[in-house]
There are 2 protein chains.
Amino acid sequence: MEFTRNNRQLLSKIATNDRHGENSPYFDGWKAYDSNPYHPTHNPRGVIQMGLAENQLCFDLIEKWILENPDASICTAEGVDKFKDIAIFQDYHALKEFREGVAKLMGRVGGNRVTFDPNRIVTSGGATGANETVMFCLADPGDAFLVPSPYYAGFARDLGWRTGLDLVPVDCKSSDNFRITRAALEEAYEKAQRSNINVKGVIVANPSNPLGTVLDKETMRSLVSFVNDKNIHLVCDEIYAATTFSSPRFVSIAEIIQDMDCNRDLIHIVYSLSKDMGFPGFRVGIVYSFNDDVMNCARKMSSFGLVSSQTQFLLAAMLNDEEFVGNFLRESSKRLAKRHHAFTKGLERVGISSLKSNAGLFFWMDMRPLLKEQTVKAELELWRVIINKVKLNVSPGSSFQCSEPGWFRVCFANMDDQTVQVALERIREFVLQGKEEVDGSEKSKHWRKQNLRLSFSSSSRLYDEGLMSPAHMMSPHSPIPHSPLVRART
Amino acid sequence: MEFTRNNRQLLSKIATNDRHGENSPYFDGWKAYDSNPYHPTHNPRGVIQMGLAENQLCFDLIEKWILENPDASICTAEGVDKFKDIAIFQDYHALKEFREGVAKLMGRVGGNRVTFDPNRIVTSGGATGANETVMFCLADPGDAFLVPSPYYAGFARDLGWRTGLDLVPVDCKSSDNFRITRAALEEAYEKAQRSNINVKGVIVANPSNPLGTVLDKETMRSLVSFVNDKNIHLVCDEIYAATTFSSPRFVSIAEIIQDMDCNRDLIHIVYSLSKDMGFPGFRVGIVYSFNDDVMNCARKMSSFGLVSSQTQFLLAAMLNDEEFVGNFLRESSKRLAKRHHAFTKGLERVGISSLKSNAGLFFWMDMRPLLKEQTVKAELELWRVIINKVKLNVSPGSSFQCSEPGWFRVCFANMDDQTVQVALERIREFVLQGKEEVDGSEKSKHWRKQNLRLSFSSSSRLYDEGLMSPAHMMSPHSPIPHSPLVRART
């Protein structure tokens with residue numbers, strides 16, 4: 001960032017440091033998309049947005065419910081008599097019905113194996129706000145949290161920018177399917193201690209962003225043991241819980257600690273409706289802490305990011321409609337599974353594999369065979385080709401602090417079926433021709449040939465399998481100017 | 001706050017310090033109200049809430065507009081086709097139409113003497129979030145802001161709790177109608193410097209909360225000169241701008257600096273729709289900075305407290321309906337003026353005077369003659385009698401850091417006409433009888449007698465003047481459980 005000399009002295013260190021992280025390729029990719037967005041007819045050579053973890057597959061169900069429930073809105077003839085009471089409602093406890101609806105949803109998403117207490121539901125401005133709130137409660141500037149890598153590119157901003165915390169990556173390896181091991185945790189912890197860094201906790205995303213995998217029970221128990229042994233916190237970011245679309249099922253940390261002898265004061269959950277319901281614009285973030293002091297403090301902090309009471313009122317009615325929620329979650333899983341299958345199988349046919357995953361709005365694409373050399377520099381070179389030539393905004397693994405170059409996060413639920421097909425076609429072409437632009441070596445030519453067989457007529461085959469349809473085309477152009485240079489959360 | 005020993009070590013300093021300020025009488029008064037809220041029939045001896053700066057007088061106009069504009073909502077047959085695009089909208093620039101509407105409103109409220117640039121409108125979670133955001137941009141932990149006192153009781157939390165800033169009061173005196181003088185500013189600044197405190201700016205509320213007065217142009221020019229001379233910031237909290245109900249008119253700092261030779265990089269405005277429109281539940285806070293770097297940084301920070309896109313969409317339509325907004329603002333001023341007149345005249349008749357004011361949702365009541373002695377202790381003693389015996393939740397001046405004991409903030413726009421009458425009747429009774437419970441001295445008996453004449457049949461007179469009506473009674477009980485132990489902003 002550039003500042004006048006006067007401004008650099010006038011403003012805060014937060015304003016003038018670069019810990020917001022906006023300069024990472026993760027955000028640059030969005031800018032590339034924003035300056036040249038794909039449209040099937042108006043701009044068919046534009047950049048396809050595959051860097052945005054949006055869940056757009058079930059809005060038909062939501063819209064149907066909206067029309068059937070006019071009393072859920074304060075802006076209808078049926079609801080307007082509530083307008084005043086809702087417009088003036090600014091209690092930082094949030095609407096009781098809203099908390100109850102969220103608690104029920106969290107329970108259902110966890111397979112109803114554990115009950116969530118509505119009185120522990122604390123609201124915040126999206127998961128972005130919820131994650132920052134938890135950090136403000138748990139740690140002081142200069143303290144650190146361990147974060148298994150690869151991890152969400154926005155964590156630096158959400159967890160560390162204004163709180164002054166440091167993030168210490170815990171390296172997870174592809175050879176181990178990026179599993180979080182006790183050995184890796186111990187290593188990161190000890191390394192921090194040797195550098196005199198006070199580690200206050202571990203934060204994990206389950207399901208993982210960017211991996212799209214769920215944590216297994218054994219790993220979770222091991223995490224709980226680890227934080228207990230060290231007397232530090234465990235924050236579980238479960239905002240993708242309901243995006244789990246095939247087995248193994250999602251298991252909440254709340255279920256794990258039910259059967260464990262552990263200090264529950266160390267356990268905290270972050271939840272949201274941005275991914276599971278697909279409402280990032282509504283800014284619903286949730287802090288659910290088993291520690292009463294943290295819950296009370298987070299509740300006071302919610303004054304800085306309360307959810308609009310208009311939105312609370314709407315969602316209270318929606319989330320308490322159990323039949324609707326049940327149907328929505330089932331249908332959403334089904335559609336995510338279908339889309340994931342279509343995308344990953346389409347890539348497999350051109351010889352590109354991905355980490356096996358069963359959750360999330362993205363998968364973790366393995367482009368290591370296409371790298372000139374196994375470095376971040378080579379990864380970013382390839383990424384620039386993908387952005388600028390192939391015109392797909394996928395996100396390079398280095399922006400998720402992945403220790404192995406060559407992995408890319410690909411979002412698959414923010415587009416229509418036809419766009420999926422265009423994206424797959426572009427990748428196929430790239431594999432057939434574009435590869436030489438990166439690297440003309442014999443090795444890559446050999447690799448290309450190996451994969452030619454696989455990529456043969458892949459897109460037409462997808463049609464044959466009924467996995468894609470040119471119908472249900474959704475306009476990527478909102479009627480309202482939409483320039484998401486940086487989103488609150490992805 | 002009490003913590004287990006383990007939690008005190010486990011949690012952050014922010015979580016375990018008491019800088020949130022929830023223990024002040026300001027918040028205690030709300031608890032008294034919450035545990036025993038007045039209701040005309042169900043609980044006629046309950047506590048009347050006069051500690052809440054809500055603007056409830058014009059919801060009939062809003063509701064009429066809502067019914068006439070179903071396309072302003074994404075939850076109607078007319079608007080549901082926008083549901084998806086709005087639900088996924090999380091751009092931290094906010095909806096263009098929303099920014100335009102807010103900019104127009106700010107211009108209009110300032111008498112259209114200055115134009116606000118929609119591209120400088122940055123959104124935040126209420127004024128609470130906006131004020132914190134500005135501080136995060138301008139100052140580092142340990143730095144200080146000067147704040148003319150008396151000032152809003154929530155400033156300690158909003159400006160200092162998570163940012164680590166200190167507030168240095170600038171004493172304003174009743175003998176000078178609490179005007180902010182250059183001498184008082186210099187004195188506070190020098191005192192801070194002698195204590196090695198780095199002063200980064202001044203924050204003023206215009207109109208003032210709790211005084212209900214607007215800043216005059218001369219004072220504002222003097223403030224601009226002061227911050228220019230010191231090369232520090234001036235933040236103007238203008239969230240009560242449109243509550244100005246009689247002359248002199250409200251003048252925005254944006255109008256003042258238009259004609260001044262000054263460094264505009266030092267000038268920042270905080271705005272909100274919680275007071276001027278009466279929508280605190282919608283959590284619309286605005287940062288408007290003339291400093292590009294601050295604007296850019298605040299925009300990035302808005303990720304932590306974006307306004308729900310559902311609410312942005314509704315308000316965009318409402319605020320861009322210029323005929324409606326014009327009518328609303330005129331009618332709102334008229335009703336506030338009438339209510340203010342009814343209340344202050346009613347008090348005058350029982351011998352209680354107030355600071356002359358022309359804005360805000362409250363006035364500054366002078367109870368100095370009723371104090372046993374001129375101390376904060378005596379003020380709080382009187383306050384406890386008012387809360388517990390008279391059963392009115394007014395807020396003591398000490399919770400606004402007023403340097404002179406005996407002043408109380410009285411909110412007048414969060415109740416119906418009938419409740420006003422009950423409140424005045426209680427005060428009348430208190431002046432006639434209750435005074436002896438505080439102090440049986442000759443002096444107070446004399447004071448009481450003097451005022452008997454004035455208080456004679458005051459309430460019936462108010463009816464005669466048509467200032468109050470038992471009609472339009474609004475239920476203070478929302479159909480939704482409503483327990484505002486601590487509000488986000490008042």
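**Strand S3(A) beside its parallel partner S4(A).** S3(A) and S4(A) run parallel and pair through 6 bridges. Pairing here requires at least two DSSP bridges between the strands. Helices (H or I, at least four residues) and strands (E, at least two) are DSSP runs, numbered from the N terminus. Ser149(A) sits opposite Asp171(A) of S4(A). The model is predicted, so local features need pLDDT of at least 70 and side-chain atom pairs count only at pLDDT 80 or more, while totals for chains, interfaces and linings use all residues. Residues are numbered from 1 along each chain as its sequence is written, chains are lettered from A and ligands numbered from 1 in the order in which they are written, and side-chain values use heavy atoms, without hydrogens and water.

**The two faces of S3(A).** How many of the residues of S3(A) are buried? The count is 6 of the 6, so the strand is largely enclosed by the rest of the structure. Buried means under 20% relative accessible area, exposed over 50%, and partly exposed in between (1.4 Å probe, protein chains only). In a regular strand, side chains alternate between the two faces of the sheet. Ala144(A), Leu146(A) and Pro148(A) point one way; Phe145(A), Val147(A) and Ser149(A) point the other. S3 (residues 144-149) is also joined to S5 (residues 199-205) of chain A, in parallel, by 3 bridges. Leu146(A) has Val202(A) as its bridge partner in S5(A).

**The seven-stranded sheet of chain A.** The sheet is open, and its 7 strands follow the order S2-S8-S7-S6-S5-S3-S4 with mixed pairing. S2 (121-125) and S4 (166-171) of chain A stand at the edges with a single partner strand each, so one side of each has no neighbour in the sheet. Neighbouring strands are turned by 25 degrees against each other on average, direction ignored. Axes are lines fitted to C-alpha atoms, for helices over the stretch in contact, and angles between N-to-C directions run from 0 to 180 degrees. Helix H7 (residues 126-138) of chain A lies across S2, S3, S5, S6 (233-237), S7 (267-272) and S8 (284-289) of that chain. H7(A) runs at about 35 degrees to S8(A).

**The seven-stranded sheet of chain B.** The strand order is S2-S8-S7-S6-S5-S3-S4, in an open sheet of 7 strands with mixed pairing. S2 and S4 (166-171) of chain B are the edge strands and pair on one side only. S6 (residues 233-237) and S7 (residues 267-272) of chain B run parallel, joined by 4 bridges. Val235(B) has His268(B) as its bridge partner in S7(B). Helix H12 (residues 292-301) of chain B lies across S2, S7 and S8 (284-289) of chain B. The angle between H12(B) and S2(B) is about 40 degrees.

**The largest cavity, lined by residues of both chains.** How many residues line the largest cavity? There are 18, and Arg162(A), Phe304(A), Arg162(B), Phe304(B) and Gly305(B) lie nearest its centre. H7 of chain A, with S2 (121-125) and H7 (126-138) of chain B, are the elements that give two or more residues to this lining. The volume of the largest cavity is about 110 Å³. A cavity is a set of points on a 1 Å grid over the protein atoms alone where a 1.4 Å probe fits but cannot get out; lining residues have an atom within 4 Å of a point. Points are joined across faces, edges and corners, and a volume is the space filled by probe spheres set on them.

Asn206(A) and Pro207(A) are joined by a cis peptide bond, with omega about -5 degrees. Pro207(A) lies in the loop between S5 and H10 (217-230) of chain A. In chain B, a cis peptide bond joins Asn206(B) and Pro207(B), with omega about -5 degrees. Pro207(B) is placed in the loop between S5 (199-205) and H10 (217-230) of chain B.

Lys391(A) is not a glycine, yet its phi is positive, about 60 degrees. Lys391(A) lies between H15 (376-390) and S11 (392-393) of chain A and is partly exposed, with a relative accessible area of 22%. Asn231(B) also has a positive phi, near 55 degrees. Asn231(B) lies in the loop between H10 and S6 of chain B and is partly exposed at 35%. Lys356(A), in the loop between S9 (353-354) and S10 (362-366) of chain A, is exposed at 76% relative accessibility.

Terms used
Contact means heavy atoms within 4.5 Å. On a 1 Å grid over the protein atoms alone, a cavity is a set of points where a 1.4 Å probe fits but cannot get out, and a pocket is an open set with protein on both sides within 12 Å along at least five of seven lines; lining residues have an atom within 4 Å of a point.
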